[in-house]
Amino acid sequence: MLAEFGQQFMSFSQAYPVAFWWLTRLTLKNLVFGHSDVTELINACNKLKHLTLSSCRLVDQRSALRIDTPCSGLRRLDCIRFRCERIELISVPELRTVLCCSRHYENPPVRFGDVPQLCHVNLGYLAKVSQAPFMLSECLSRSSRNLSKLNLNFFSQTIWIQPEQPKRLTAIFRNLTDMYLFGIFPECDLSWTLFILEAAPALRNFKLSRTRHACGKKLYDTAEKTNVVWEPSKDLKHLNLKLLMMLGFEEEVKVTNYIRLVMAHVVRLKRIELHGEDPCKECNAIDPRRSQVDEASRRQIKERLTLESSLSAKIIIC
């Protein structure tokens, strides 16, 4: 039935080309596409700037969604629960923002080709049992010279990226100013995140978060959570990071040691923000008693770090 609706929609777009020519924004839900339908649709919508594909899929879910539109003016692409093997952006020269969130991809879930204007990537992904972590250099393109914001969401499951030698990412991350790592599972060591600092000399804002799932919801067929091991270079000195923000991390020893590690490698850090946890989106609840304990823990972290003479950054409890 969904495949039939998809065919009907494509026929409709072909029957009224003038109407689709003038579209600037298009949102499609619960449709099934052939392997070239999305590319043909973007090419038909000559003025299209923002395309959202929600809960759609390809007829053959074991094939890749390939978008090759070198003449399009598309600036934003949102793929939410799009079911296919992976998404390949072969040529989308005006594309600036990409949101991709699903659990039905192979590694890497997205491959960026000729996207020279790309500046903001938001990638959320659940690795399956059979999948090993992949390196960001396998996913991002060296043509993405304008990339300034990168958000990665692990959904409190395994860390699906593999830290790599910074020199492989420096050309891609040279203009990266904002990095946000969502959903780091509580037991995970945090020192691996410094490979981002090594690869992104222009980074100014670095944010990490975790969410406690009070609802107890279980996710099946996901890869086992394993700790990530990475040691930053001893001579790492980052000159531009100004803000370190941590949300939902209350383990005093872990947070204190991580902040000390960051401070040892960041020359001009100005502000450290320690936030409470965000509510789980499934249950939208936070235990108020737990919240009070967490706030007390954050205050103890602040007191412990403030006593250290080497601390120059301002610590804010939020």
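Select Cys100 to begin: at 3% relative accessibility this cysteine counts as buried, where buried means under 20% relative accessible area, exposed over 50% and partly exposed in between, computed with a 1.4 Å probe on protein chains only. The model is a predicted one, in which local features need pLDDT of at least 70 and side-chain atom pairs count only at pLDDT 80 or more, while totals for chains, interfaces and linings use all residues. Residues are numbered from 1 along each chain as its sequence is written, and side-chain values use heavy atoms, with hydrogens and water left out.

Is Glu164 buried or exposed? At 3% relative accessibility, Glu164 counts as buried. A polar atom of the Glu164 side chain lies 2.9 Å from the backbone nitrogen of Leu136. If neighbours within four places in sequence are set aside, the residues in contact with Glu164 (heavy atoms within 4.5 Å) are Met135, Leu136, Ser137, Leu169, Phe195 and Trp230.

The next selection is Thr39, found in helix α3 (residues 37-44) and counted as buried at 13% relative accessibility. Leaving aside its neighbours within four places in sequence, Thr39 is in contact with Arg66, Ile67, Asp68 and Thr69.

From Thr39, follow that contact to Arg66, whose side chain meets that of Glu88 in a salt bridge at 3.1 Å, N to O. Glu88 lies in strand β7 (residues 87-91) and Arg66 in strand β5 (residues 65-68), so this pair ties together parts that are 22 residues apart in sequence. Glu88 is buried, with a relative accessible area of 15%, whereas Arg66 counts as partly exposed at 43%. A salt bridge here is a side-chain nitrogen of Lys or Arg within 4 Å of a carboxyl oxygen of Asp or Glu, and a search of the whole structure finds 8 of them.

Another of these pairs is Asp60 with Arg62, at 3.7 Å, N to O. Asp60 counts as partly exposed at 38% relative accessibility, while Arg62 is exposed, with a relative accessible area of 73%.

For a further salt bridge, select Glu251 and Arg210, whose closest N and O atoms are 3.0 Å apart. The pair links distant parts of the chain, with Glu251 in the loop between β14 (243-247) and α6, and Arg210 in the loop between β13 (205-209) and β14, 41 residues apart. Glu251 is partly exposed, with a relative accessible area of 29%, whereas Arg210 is buried at 5%.

The last stop is helix α6 (residues 252-265), which has 14 residues and reaches 20 Å from its first C-alpha to its last, close to the 20 Å expected at 1.5 Å a residue, the expected span being 1.5 Å times one less than the number of residues. Which residues of α6 are buried? They are Val255, Thr256, Tyr258, Ile259, Val262 and His265.

Conventions
Helices (H or I, at least four residues) and strands (E, at least two) are DSSP runs, numbered from the N terminus. A polar contact is a pair of N or O atoms within 3.5 Å; within protein, one must be able to donate a hydrogen and the other to accept it, and residues adjacent in sequence count only if both atoms are side-chain atoms.
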